[in-house]
Every structure is written in C-alpha cells, then in structure tokens.
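My plan is to look things up one at a time and write down what I find.

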Amino acid sequence: MTIWTSGLAPTLDHFNRPDIIVGLGARRDAGADEILALVTACLARHGFQPQSIAFCVTHPDKLNHPGILGAASLLGVDLRAADAGAFARHVPNPSAKVARLFGVPAVAEAAAQSHGPLLAEKSASAGATCALARLAYNPSASTAASTLATSSAGP
C-alpha cells in the first residue's frame with residue numbers, strides 16, 4: 001500500500017506520463033534560445049526534467065510568437081492557447097505592464113494554471129516569463145473510459 005505523505009493524489013507523472021504544463025509569456029523580441037533557457041532553468045530549479053512537460057500554453061495573442069513557437073518545438077511539445085477566461089483568474093504575481101498592454105493581470109501564470117494547480121510561480125528573463133503547473137487529473141473522464149472499456153465484459 002502506498003501512503004501519499006503530501007496529501008495529494010498521485011499525479012500522471014507517477015505513471016510515467018508527462019504532466020507538467022509550462023505557461024509562457026514573452027516580449028515581442030524574445031527568441032527561442034532565451035525562452036528555452038528560462039524553461040530549462042525553471043524546470044531544474046523545481047526538480048523536473050524537460051521530458052516531464054506535457055505541453056506549453058500561452059495567451060491566444062502569443063500563439064504565433066516565433067520565440068515561443070521555437071522553444072516549444074525545441075522542447076518537442078505542443079504549444080496551446082489557454083481559453084480567454086483563464087486570464088481573468090487570480091494569479092500570485094500580477095503585472096501592471098501586462099495589464100496595461102493585454103488587459104489581463106498575467107500571461108505565464110494564468111496560462112499555466114488554466115490546466116491545473118500552479119507548482120511554480122513565474123520566473124522571468126529579460127524578455128520572457130515561465131510558470132509551471134501540474135496537469136489536472138480528471139477522475140470522471142478516466143472512470144468513464146474504464147467503465148466503457150469493461151462494460152461489455154462477460155462473467
């Protein structure tokens with residue numbers, strides 16, 4: 001029997017599946033190398049490897065940012081846009097500048113926590129921000145899938 005001392009349910013990573021969500025924000029001139037270095041440092045600081053990334057996520061307006069696209073490509077993961085509603089939620093480190101430019105309190109933290117609980121508040125380089133979240137486990141979906149898979153099993 002396994003006892004979870006943290007009080008948290010096991011994560012997808014426990015089953016060797018990538019479950020880290022990387023929220024990204026970047027200035028217009030931030031390049032892929034800068035963003036990749038920031039993500040790699042943020043992961044390492046919190047004990048994660050790049051292989052644990054499920055995907056990267058950002059603001060819909062940043063989805064075609066060459067540096068963000070390049071960093072996601074170099075990491076070998078998809079880049080997704082968070083739903084617009086995610087950016088209205090509370091974040092630990094709102095930015096007045098981001099609020100002035102985009103009308104939202106933050107990009108990286110809001111994007112990351114749109115898919116699960118925030119693990120690491122934003123880290124910043126000269127031109128980019130990165131935050132980490134753990135992909136939320138959806139027990140009802142997996143229960144439905146396992147029930148469907150076994151519902152026609154015989155005695």
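**Entry 1: an aspartate in a loop.** I started with D61 and found it exposed, with a relative accessible area of 59%. For my own use: buried means under 20% relative accessible area, exposed over 50%, and partly exposed in between, with a 1.4 Å probe and protein chains only. D61 sits in the loop between β2 (53-58) and α2 (66-75). I also checked its distance to F102: the two are 41 residues apart in sequence and 8.9 Å apart in space, C-alpha to C-alpha.

**Entry 2: ground rules.** I noted that this is a predicted model, in which local features need pLDDT of at least 70 and side-chain atom pairs count only at pLDDT 80 or more, while totals for chains, interfaces and linings use all residues. Residues are numbered from 1 along each chain as its sequence is written, and side-chain values use heavy atoms, with hydrogens and water left out.

**Entry 3: the overall plan.** I counted five helices and five strands in the chain. These are DSSP runs numbered from the N terminus, helices being H or I with at least four residues and strands E with at least two. Along the sequence the pattern reads β-α-β-α-β-α-α-β-β-α. Of the 155 residues in the chain, 38% are buried.

**Entry 4: the sheet.** In what order do the strands of the open sheet stand? I read β3-β2-β1-β5-β4, five strands with mixed pairing. β3 (79-81) and β4 are at the edges with a single partner strand each, so one side of each has no neighbour in the sheet. From one strand to the next, the twist averages 25 degrees; axes here are lines fitted to C-alpha atoms, for helices over the stretch in contact, and angles run from 0 to 180 degrees between N-to-C directions.

**Entry 5: pairs of strands.** Two strands pair if DSSP finds at least two bridges between them. β1 and β2 are parallel, paired over four bridges, and I21 has F55 in β2 as its bridge partner. β2 is largely enclosed by the rest of the structure, because five of its six residues are buried. β4 and β5 run antiparallel and are joined by four bridges, with a hairpin of three residues linking them. Across this pair, L118 stands opposite A133 and A124 opposite T129.

**Entry 6: another aspartate.** Is D19 buried or exposed? I found D19 buried, at a relative accessible area of 0%. D19 belongs to the segment before β1. Its side chain makes a polar contact with the side chain of R134 at 2.7 Å. (A polar contact is a pair of N or O atoms within 3.5 Å; within protein, one must be able to donate a hydrogen and the other to accept it, and residues adjacent in sequence count only if both atoms are side-chain atoms.)

**Entry 7: the pocket.** I looked up the lining of the largest pocket and found 23 residues, with A26, R27, K62, V98 and F102 nearest its centre. (A pocket is an open set of points on a 1 Å grid over the protein atoms alone, where a 1.4 Å probe fits and protein lies on both sides within 12 Å along at least five of seven lines; lining residues have an atom within 4 Å of a point.) α3 gives the most to this lining, with four residues.
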